[in-house]
There are 2 protein chains.
Amino acid sequence: MKIDTDAKNDTRKRIMDIAEELLLTRGFNAFSYQWVSSELGVRNAAIHYHFPHKTDLGVALIERYRRRLSRFIEAQAALPPREQLERYFELAHSYFRQDRQVCPSGMLCTEFHTLPDAMRDQAAAFIGEMRDWSIDLAARGRDLGVFHYPGSAEEMGVLMFSALQGGLQLARVDDGWLDTVKRQITRLLGVE
Amino acid sequence: MKIDTDAKNDTRKRIMDIAEELLLTRGFNAFSYQWVSSELGVRNAAIHYHFPHKTDLGVALIERYRRRLSRFIEAQAALPPREQLERYFELAHSYFRQDRQVCPSGMLCTEFHTLPDAMRDQAAAFIGEMRDWSIDLAARGRDLGVFHYPGSAEEMGVLMFSALQGGLQLARVDDGWLDTVKRQITRLLGVE
DNA sequence: CGCACTTTACTTACTGGTCAGTAAGCTGTC
DNA sequence: GACAGCTTACTGACCAGTAAGTAAAGTGCG
């Protein structure tokens, strides 16, 4: 039996890790293969070997986000809504702690008009999945009598997602911003 | 007396108008002087005559946003909170209608780490003014008994700003998004 | 086991295109 | 004749992407 996760996959993963950090701090259009290769200590063309076109790298990154999100959702599907909400906030805050990153959806939305088609499709699917999860959380919390808010679960889920995305970006300019957003969302959910 | 708003100021204004559209659709890093000059029907260097460095153009754009915002705030300072809220929503929606633009603060936040210092300073000031106005609206609405929400005016103002910024971006992927956010904010403000 | 062959994971060296920015010249108006 | 508002022509840097070569590891076979 062959150990498949050797040099190739390791380099590939390290490229994606470096590219991910650059994507979430600077944006897809604001980093080049040079940035990745010099950080990794290889030549430019080595990146092209693993990801022939920059689009391939971008698509691979979003696909990975989607897999992670799917695992994240599954891993905490059984938790009570209050804890799920806490994890949702923690997810957002972990981006902020890491060099004031924004969430992938926020970066991909603002760069949307400049992205290649394949990346747009992936981004739209990813955002749809984020949206659905946020709505599910709002719905489940209300059904279990933990959240008390006006309007539908869809409206509340969409609002929470929007506020966290915006809040994470605005936190770059004002440290306390994200905490304020988290606090107010919690209050608006009527959690005692 | 000389009519000052002649060729120079006219070209300068047209450059800024074209650059503004590019900024809000593609982002500051994703358009070049070539894009502006070809749209305007002049040569590259003509743009450099009016704005020697791209940073100068960026700063001028944000300064203009700040002047506009200040006029916007002044023009409707006396309106009842419900109407002020409506105008706030309309401001956001007018961006969306125009080629799915995002609001300036959203674009500047996500590109923040790549912007020159002078632009960052302007962006931070602009966002601070937006924030203050949103908070004032929440405070005045509550004081006049029109809005009924939990938490402080600061928290509610910051949340509204965040949700509109995020919602405007996410509307690029899903047409109805912004309307949903507007509806839910209105509900959460306890407006009957 | 040992030798030939193939594949993997790169390298060096390059292309054509775009970028911001500059220098020098031209033209029409006060 | 001075200056505003351009133009043409250019520079050096960076960009994504490619082609050809190489060293080492893996594979098939006698």
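Helices (H or I, at least four residues) and strands (E, at least two) are DSSP runs, numbered from the N terminus. Helix α1 of chain B covers residues 7-25, and B:Asp17 and B:Lys13 lie four residues apart in that helix, so about one helical turn separates them. The model described here is predicted; local features need pLDDT of at least 70, side-chain atom pairs count only at pLDDT 80 or more, and totals for chains, interfaces and linings use all residues. Residues are numbered from 1 along each chain as its sequence is written, chains are lettered from A and ligands numbered from 1 in the order in which they are written, and side-chain values use heavy atoms, with hydrogens and water left out.

B:Asp17 and B:Lys13 form a salt bridge, with their closest N and O atoms 2.8 Å apart. A salt bridge is a side-chain nitrogen of Lys or Arg within 4 Å of a carboxyl oxygen of Asp or Glu. B:Asp17 is partly exposed, at a relative accessible area of 30%. B:Lys13 is also partly exposed, at 46%. Here buried means under 20% relative accessible area, exposed over 50%, and partly exposed in between (1.4 Å probe, protein chains only).

Over all chains, the structure holds 32 salt bridges. One of them pairs B:Asp175 with B:Arg100, the closest N and O atoms being 2.2 Å apart. This pair links distant parts of the chain, 75 residues apart. B:Asp175 sits in the loop between α8 and α9 of chain B, and B:Arg100 in the loop between α5 (81-97) and α6. B:Arg100 is partly exposed, with a relative accessible area of 28%. Another salt bridge joins B:Asp132 to B:Arg131, at 3.9 Å between the closest N and O atoms. B:Asp132 counts as partly exposed, at 42% relative accessibility. In chain A, salt bridges with shared partners connect A:Lys13, A:Asp17, A:Glu20, A:Arg64 and A:Arg68 into one network.

The two chains meet in an interface. The contact (heavy atoms within 4.5 Å) takes 42 residues from chain B and 42 residues from chain A. The area buried between them is about 3800 Å², and carbon and sulfur atoms give 70% of this. Buried area is the accessible area (1.4 Å probe) that two parts lose on being put together, summed over both. In chain B, the residues that lose the most area to chain A are B:Thr110, B:His113 and B:Glu155, together 17% of what that side buries.

Six salt bridges are counted between chain B and chain A. In one of them, the side chains of A:Arg183 and B:Glu155 meet at 2.4 Å, N to O. On the side of chain B that touches chain A, the elements giving two or more residues are α6 (104-110), α7 (117-143), α8 (153-170) and α9 (177-188). Helix α8(B) gives the most, with 12 residues.

The same surface serves both copies, as 100% of the contact residues of chain B recur in chain A.

A:Thr186 lies in helix α9 (residues 177-188) of chain A. A:Thr186 counts as buried, at 17% relative accessibility. Not counting residues up to four places away in sequence, A:Thr186 touches A:Arg82, A:Leu85, A:Phe89 and A:Val191.
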